[in-house]
Amino acid sequence: APLVPIGLGAGRIGNFINSELWGKVSDVPWAMVFPNGGPLPRHPSQLYQLALEGVALFVILWLFTRKPRPTASVSGLFVLCYGIFRFVVEFVRVPDAQLGYLAWGWLTMGQVLCVPMVLAGIALMVWAYRRDAAQPKAA
């Protein structure tokens, strides 16, 4: 799990280079005009995802794994953080054209799919720590 963010980050760099999965139209100073995104400047959501799902998630997992942790807790933290980061970035990303917004005019399929990931991450971490606490410790 600690190395997965490197691959996720590399994928987001590819999305940026290929001018795909760009964000919503924006007037922030760092907004960009993408060749496939029309004439208006947009959020570079691929770079946001690179920063969160690549760099920040790698640092979080690296720091977390610096000392021994219960089995499955690292995976749980990965799924939890990835789900949260992805949910947040979806607010500035253009939803899939075939799906649009699913609920309340702002919830995307990406966000809907993040909810079970966050819940699974929490459940996995709770299970890992409870299981670890229940196991007898070596003297």
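Helix α1 (residues 4-17) packs against helix α3 at an angle of about 25°, and their axes are 12 Å apart. That makes α1 roughly parallel to α3, a term for angles under 35 degrees, while those over 145 are roughly antiparallel, 65 to 115 roughly perpendicular and the rest oblique. Axes here are lines fitted to C-alpha atoms, for helices over the stretch in contact, and angles run from 0 to 180 degrees between N-to-C directions. V4, P5, L8 and R12 of α1 make the contact with F78, Y82 and R86 of α3, where contact means heavy atoms within 4.5 Å. By class, this contact has five nonpolar, no polar and two charged residues. Ala, Val, Leu, Ile, Met, Phe, Trp, Tyr, Cys and Pro count as nonpolar, Asp, Glu, Lys and Arg as charged, and the others, Gly among them, as polar.

The model is predicted: local features need pLDDT of at least 70 and side-chain atom pairs 80 or more, while totals for chains, interfaces and linings use all residues. Residues are numbered from 1 along each chain as its sequence is written, and side-chain values use heavy atoms, without hydrogens and water.

The protein chain has four helices and zero strands. Helices (H or I, at least four residues) and strands (E, at least two) are DSSP runs numbered from the N terminus. The C-alpha trace spans about 65 × 30 × 20 Å along its principal axes.

Helix α3 also packs against α2, as the table shows.

| Helix pair | Angle | Axes apart |
|---|---|---|
| α1 and α3 | about 25° | 12 Å |
| α2 (residues 45-64) and α3 (residues 73-89) | about 160° | 10 Å |

α2 and α3 are therefore roughly antiparallel to each other. Their contact includes L52, A56 and I60 of α2 and L77, C81 and F85 of α3. It has 14 nonpolar, three polar and two charged residues.

The largest pocket holds about 150 Å³ of space. On a 1 Å grid over the protein atoms alone, a pocket is an open set of points where a 1.4 Å probe fits, with protein on both sides within 12 Å along at least five of seven lines, and lining residues have an atom within 4 Å of a point. Its volume is the space filled by probe spheres set on the points. Of the 15 lining residues, R86, E90, D96, M109 and G110 are the closest to the centre of the pocket. α4 gives the most to the lining, with five residues. The lining divides into eight nonpolar, three polar and four charged residues.
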